[in-house]
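Here is a short report on one protein model. Keep the sequence and the 3D view open as you read.

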Amino acid sequence: MKLRQHWSRLSRWQKGGLLTAILVALYAALGFWVAPRVVRDQAQKILRDQLRREVEIGEVTINPFSLSLIVSRFNIPDADGSPLLRFEELFVDFELSSIYWQAFTFAEIRIQKPFVHPKIRSDGNLNVVDLLVDPDKETLSNQAQENNPEKTPDKEESGPPAVLIHLLDIQEGQIAFSDFSHETPFEYEISPLNITLRDFGTRPDDQSPYSFSASTGSGESLEWEGMLTVVPLRSFGNFTLAGIRPRTGWLYFQDSVQFEVIDGTVDLSGRYELDSQDGLKLLFEEGRLTVRDFEVVERETGERAVLVSEFDVEGIQLQYPEQIVQVDRVHSGQGEYHLKRFEDGGLRSERMATTRRTVSQAPDPGDTAAESSTSGGEESHPWSVMISQILIENQSFEFEDLSTQPPARLGIEIVELEFQNVSQDLSQRIPTHLDLRIGETGRLTIEGPIRPEPLEVELALKLEALEIDLFEPYWTSTLRADVSDGTVGFSGQVRAEAPGNGPTRFQANGDFDMDNFYLLDLNESKRITALRSLRMEGLRLDSQPLSIHLDRLLLLNPSARIVMGPEGSTNVSHLVAPSPEDAEPLAPEGPAKANNTTGEQPGPEVAVSIQKIEVQDASLDFEDRSVQPPFITSLSDFSGQIESLSSNPEEKASLQFSGRLDGSTDVALTGVASPLAENPYIDLKISLRNMGLTQFTPYSGRFIGKAIERGKLFLELDYELDGNQLVGENTLFLDQFTLGGKIPSEEALNLPVGLALALLKDRKGEIHIDLPVRGDLEDPEFSIMGIVFRALGNLIAKVALSPFSVLGGIAGSDGDDMQGVAFSPGRTSWLAGEESKLASLAQALTERPALAIELTGEASLKTDRTALQSQSFERSVRRERFTELQGKWFGRKPNSVEEVVLEEKERRRLVDKRFESAFGPEGEAEIESAFEQARANGTSQSDQRKQFLEAERERRLVAATPVDDAALSELARGRAAVIQSHLITIGGIEAERIFVLDPDMIPDDSEEPKGARIALTAR
C-alpha cells in the first residue's frame, strides 16, 4: 500500500525518472554481473563442444554502458595439455556509432600477450587441425555429399561484413612453432609481436593505416607500415626485414642436407603498392636485399665451403602484370669459396647439395597435373628482367683436388667482375669486365661484350705471370719431372661466334710468352730442360678453317740436359709414364681394322704458317753413363733462325743455325725444308769442324779396346728427304786420328781397327770418308742414327777384313792380287808380271805411311821339293862330268861345274850309268814292267819304249835325290828377302815398315800363292 501510495504521489516526470533509474540499474546489474558469467559459461561450453578441449577463460568483464568487453587469461590447451592458443587480455570497445556508420564499429580492439603454438607432431600431423576438423562430422559430411551430388555450395562468395575498427592493437604477441616430425626437433619463436592498425574498415574505399613489428630472440625483426583498403583490396607501404638468419631455415632442414649454415643475416626492405580492383596489380620498388657474413660449412668435416661477407641487391623494382623486373645494382664483396674434388672425382658442392636421406620415387605415369599446368592454357607472357650492373669484388676461391698426387691446390681471387645491362634477352650484348688473380703472381684481365644467343664473344684478354707449377699435380702421373719454375702470359683478342645453323667459330690473336721455365729431373734433382724466355708474336688461331699463324717465335736461352744411363736409356725417355692402354698388349688386327670400318675419321687438316723462328744462345749438355768413364759433351752458343715455315707444299722454309761443341768445335746447319706439308721435304746441310776426338776415349775403350791419343774431326752432312725417302751424304775428315794404349773391355769388337785406320789414313795423317746413306721412313725399324752407324760399321768392317781392296783402290789395281807373289818352282825369281804387283804395293804403302807389311816366304812341300831335287840331280850329273873331264890328258877342261857343257848323248850315258849303279837289274826290270803295263793301258806305244825307259830312269833318280826341309826353308827365306830388297831399293819403302816372318811350308793342296805371302798391319 505504501509503495503504491508513494508511486501515486509522484509526478509524471518523477515516475519516468524512477522507472528509468530502475531500468538502468537492472541493465547495469545484468551487464556488470549477470552477462559476464553467462558469456563466460556459454563460451566455455560452446568452445568445449566445438574444439573438444577444456577451454580456460579467466574473467569476463562487460561494461554495458561503454559497450566494452574484457576477457582475461584465455587458454586453449593442446592435446598434451600445453598451451596452444592463449592471451592475457582481450579488450573490445564497441560503439553505437555503428548505426551511423552502418558497420560494426569498434573504437578499439586490443589483445595483450597473445600466444599461439602450432605444432607438427612426430606422426606428421598438425595440432591445429584437431581443432578445426571433427572426424565424425567430416565423415557424415562426406557421406551426405556423396548421397546428394547435385547439391553443391553456392560458388558466389558474398563480400565481407561491414566492419570498422578505429584501433586494432596487438601487444607483446608470441608465436612459437615446433616440428617434431624431423629427426632433430625444430622449434622457432617470434617475440615480441606488435601490430597496430588504425581505422581499419571493410567498407568500400576504407583506408586503414597500419604498422606491424615483430622480432625474435636472435635479433630478427620485421617492420611493416602503410595503408590498407580491404574492399577492394588495396595496400601500399614500406616494410623492412632485418637480421633474418638463414641458419634458422637450415635448422629446420638440417636432417636432410649435407651442409651447415653457421652464420649470416639477411635484410630486405622496400616500398610496395597492391591493387586488386581491376585484376591484381603489384608494384614493388626501392627494394634492397642485403646479405652479411653468410657462412656454410661441410657438415661432416666442419670445413668452410662458402663465406659471403657482403652481398647487396639495390634498386629492386617489380611490376605486375607487366612482369617487369629491374635491378639497379647487384654487388658482392669479400667472399670466400672453398672448392674440393675428392679422390673419386666427385665434387664437395655436389655432395653438399644431395640430401642425406635420398628417396627415389619414379613419377606416376598417370599424374598429368604437371603437364597440364605447363602445357594447358594460353602461353604465359614472359618476364622482362634487366639488371643494370652486376659487380663482384674481392672473391677468393680456394680449390683443392684430392684426385691428383700430390693434391692440387689453387687459389683464385676475383678482384673485380662486372656485367652491365644483363637481361633475359639473350640476343643483347653484355659489356663484361673481369680482373682475376691466379696464385701469387698470375693476373687475368678480360674486357669486352658477350652475347649469349646466338653466341658472340669479342674479348680483349691479358694474362700475366701465371705460374705453371700451379697445375703440376695434373701431369705428375704421366710426367716424371718437376716444373720448379716458369710463368706464362698472353695478350690479345679472343672471338667466338656460333651462327644459327653452323659450327662455332673460334678466333684468337695476340702474343704469348713463357718465362723462366725450369723442368727438374725427380731422380737426380737436376735440370732436364730450361728456357729463359719464349715469345710468340702475332699469333693467330682460327677454327674455320683450322689454321695457325705466327709472325715470330723467339726462343731465348733454351737449354737441355740429356743423360744416358748405364742400361742405355735416357732421362728423357722416362719422362712420360706409360698409360694403361700402352701397357695392354695390342689386339691382333682383324677385318674391321683391315677394312677401315672402325668409324674413325682422319683429323682435320691444319694450315700452319710461321714467318720466323729465332733461337738465341741455346745449349745442350749430354752425358753418357753407359761407358766408363762417362762421356760428357755440350753444345753452346747455338743460334739461328727458320724463315717461312708453312704447311703449304709450295713454300719451303729456309733455316740457318750455328753453334759450338765443347766451346771449340764450330757447328753450322743450313738448308730448306717443308716439314709440315703432307709430303714433307727437307734439304739439310750440317757442318761440324775442329772437333777434338780424345773425349771419345770412353767409346773407343769400350768398343775398340784402345784409347784415342789424338785427332780432330771435320764432318759435312747433306741430307735430302722427299716424301718418305731419305738420301744422305756423309763426308768425314779425321785429321791425325791416332789410337793410344789398350783399355780392357769385354765388349771390344774383334776387328783389326788399327789396321782399318792405317788403311784409311793417308801420308798427311788424314782420313777422308764418303758415307752415303739411304732409308725409307715407312720402315718400322727406320732410324737415321741407326742407318749412319750401320753404314759406318760396315765400312770399318770391310776395310779391316778386306784391306787389299782398299789398297787396290789407292793404287788403281786389283787389290786381291797384292796378297802374294808367285815364284818359279824351286827358285827365288818371281814369275812374269809379278813385279807390277810390287810396284802397286809400294805405291799404296807410300800413300798410307801408317801401314806396315809382314812378308812370309813360302815353299811347297811337293812342287818346290821336286824342283830342288831336279836341280840337285842336274848339278850332280854335271859335277860327275866335270870330274871326268878333269881326269883326261887331252882336250879343253872347264874351270867349274857351271862351265860344263853336257851334251845329250853324254847326259844319257851318265843317267843310265847312275841308274844301273843305284837300282841294278831289278830296277831295270821294274821299269820294263811299267812300260808293258802302260802299253796295255793304252797310255804308251811300242815305238815309244826308248823314250819311256829314259824318262822313267831319270824320274826315279831325281826322286831318290835327297832334299831336306832346311833347303825348303832357305828357299822360302830367299823369296821373302828378294821381295824385301825390291820394296826397299826399287819401291822406296822404309825398311822398318817391312817385317819378314818365319817361312811357311805349304802343302800342294793349298790354294795359297806359291812363293811369298804379304799381310798388312798397322805400324
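Asp617 counts as partly exposed, because its relative accessibility is 41% and partly exposed covers the range between buried, under 20% relative accessible area, and exposed, over 50% (1.4 Å probe, protein chains only). Asp617 lies in strand β25, residues 607-624. Strands (E, at least two residues) and helices (H or I, at least four) are DSSP runs, numbered from the N terminus. Asp617 is not a glycine, yet has a positive phi of about 55 degrees.

This is a predicted model, in which local features need pLDDT of at least 70 and side-chain atom pairs count only at pLDDT 80 or more, while totals for chains, interfaces and linings use all residues. Residues are numbered from 1 along each chain as its sequence is written, and side-chain values use heavy atoms, with hydrogens and water left out.

**The loop between β14 and β15**

Gln323 also has a positive phi, about 55 degrees, although it is not a glycine. Gln323 sits in the loop between β14 and β15. Is Gln323 buried or exposed? Gln323 counts as buried, because its relative accessibility is 11%.

Pro321 lies in this loop too, between β14 (304-320) and β15 (324-341). A cis peptide bond joins Tyr320 to Pro321. Another cis bond links Gln405 and Pro406. Pro406 is found in the loop between β16 (384-401) and β17 (408-423). The table sets out the two bonds.

| Cis peptide bond | Omega |
|---|---|
| Tyr320 and Pro321 | about 20 degrees |
| Gln405 and Pro406 | about -5 degrees |

**Partners across the sequence**

Phe517 is found in strand β22, residues 505-521. Phe517 counts as buried because its relative accessible area is 17%. What does Phe517 touch, not counting residues up to four places away in sequence? Phe517 touches Ile468, Val483, Asp485, Gly486, Thr529, Ala530 and Leu531. A contact here means heavy atoms within 4.5 Å. Take Ile468 as a case. Phe517 and Ile468 are 49 residues apart in sequence, but 8.3 Å apart in space, C-alpha to C-alpha.

Pro1003 gives another such pair. Pro1003 and Leu861 are 142 residues apart in sequence and 5.4 Å apart in space, C-alpha to C-alpha. Pro1003 lies in the loop between β35 (994-1002) and β36 (1011-1018). Pro1003 is partly exposed, because its relative accessible area is 37%.

Now take the chain as a whole. Among its contacts with a separation of 6 or more, 58% are between residues 24 or more positions apart.

**The whole chain**

The protein chain has 1019 residues, and 36% of them count as buried. Its secondary structure comes to 19 helices and 36 strands. The chain exposes about 58900 Å², and carbon and sulfur atoms supply 54% of that area. Accessible areas come from the Shrake-Rupley method with a 1.4 Å probe; for residues, only the protein chains shown count as cover.

**Spaces inside**

Two terms come first. On a 1 Å grid over the protein atoms alone, a cavity is a set of points where a 1.4 Å probe fits but cannot get out, and a pocket is an open set with protein on both sides within 12 Å along at least five of seven lines; lining residues have an atom within 4 Å of a point. Grid points are joined across faces, edges and corners, and a volume is the space filled by probe spheres set on the points.

The structure holds 1 cavity of 30 Å³ or more. About 40 Å³ of space lies in the largest cavity. Which residues line the largest cavity? Its lining is Arg429, Pro449, Arg451, Glu456, Val457 and Glu458. β19 (442-451) and β20 (456-467) each supply at least two residues of this lining. β20 gives the largest share, 3 residues. By type, the lining divides into 2 nonpolar, no polar and 4 charged residues. Ala, Val, Leu, Ile, Met, Phe, Trp, Tyr, Cys and Pro count as nonpolar, Asp, Glu, Lys and Arg as charged, and the others, Gly among them, as polar.

The second largest pocket holds about 270 Å³ of space. It is lined by 17 residues, of which Asp521, Asn523, Thr570, Asn571 and His574 are the closest to its centre. The lining of the second largest pocket divides into 6 nonpolar, 6 polar and 5 charged residues.

**Confidence**

pLDDT is the predictor's confidence in each residue, from 0 to 100. The chain has a mean pLDDT of 82, and 88% of its residues reach 70 or more. Over residues 151-157, pLDDT stays under 50, and the model has 1 contact beyond four places in sequence for them. Over residues 358-378, pLDDT stays under 50 as well, again with 1 contact beyond four places in sequence.
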